[in-house]
Amino acid sequence: MIADKRVLFVMAVEAEYGPHLRARFDPLMIGVGPVEAALNTGLALQRLDQDGALPDLVVSLGSAGSRTCTLGEVYQVASVSWRDMDASRLGFPKGVTPFSDHPAEIALHVPLELRAARLSTGANIVGGEDYAAIDADMVDMESFAVVRACQRFGVPVMGLRGISDGPGELADMLGWTQLLALLDERLAQAVDMLEGALGR
């Protein structure tokens, strides 16, 4: 509980869940990529719904890539989009799932006094010149899926992303993991801001 509200934190992998975050909450680990994230978030919310214990807020947090946001800094997610979905040959806008009810870009709650940036979710690791084709400030592999699962249950979502990589090419695991300890500390500081923000 934070400010008398049930808050569910969701993260992709243990590597992003360092000692600072561990001191603050136990997250739902949803796995890597849109499919795992949607599956695990949806199943968890279904169980909570059956128990009459749906959260008042879901917070999706972890790392992200960007070639325009500052490495090592944490941003709120202003909006999410799905870069893999492209049925434009059939007349649907890029990013919109055919015959569904979502826009190409979904705005999220931004309750903190923290910089916000647009996020693109997809099933690929982005690096180098791949960023030029993406209409967003940051990239991850889970947030859009989390948002869609939460929408099915009417649960609000916010996102917090620490920039782990981006400028230049991402060639190996070290390129992703070397800033995770710093991001653990800074994400924890952002989480601490929730008490006051949700109380207001």
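## Thr41 and its surroundings

Leaving out neighbours within four places in sequence, Thr41 touches Leu28, Ile30, Val146, Ala149 and Cys150 (contact means heavy atoms within 4.5 Å). Thr41 sits in helix H2, residues 34-50 (helices are DSSP runs of H or I with at least four residues, strands are E runs of at least two, both numbered from the N terminus). With a relative accessible area of 1%, Thr41 is buried (buried is under 20%, exposed over 50%, partly exposed in between, using a 1.4 Å probe and protein chains only). A polar atom of the Thr41 side chain lies 2.7 Å from the backbone oxygen of Ala37.

## About the model

This is a predicted model, where local features need pLDDT of at least 70, side-chain atom pairs count only at pLDDT 80 or more, and totals for chains, interfaces and linings use all residues. Residues are numbered from 1 along each chain as its sequence is written, and side-chain values use heavy atoms, leaving out hydrogens and water.

## Aromatic pairs

There are 4 aromatic pairs here (ring centres within 6.5 Å, taking the six-membered ring for Trp; planes under 30 degrees apart are stacked, over 60 edge-to-face, the rest tilted). Phe9 and Phe25 are stacked, because their centres are 3.9 Å apart and their planes at 10°. This pair joins distant parts of the chain, 16 residues apart: Phe9 is in strand E1 (residues 7-11), and Phe25 in the loop between helix H1 (19-22) and strand E2 (28-29). Phe9 is buried at 5%, and Phe25 is buried at 7%.

Then there's Phe92 with Phe99, an edge-to-face pair at 5.3 Å centre to centre and 80° between planes. Phe92 is partly exposed at 21%, while Phe99 is exposed at 78%.

Technical notes:
Polar contact = N/O pair within 3.5 Å; in protein donor to acceptor, adjacent residues only side chain to side chain.
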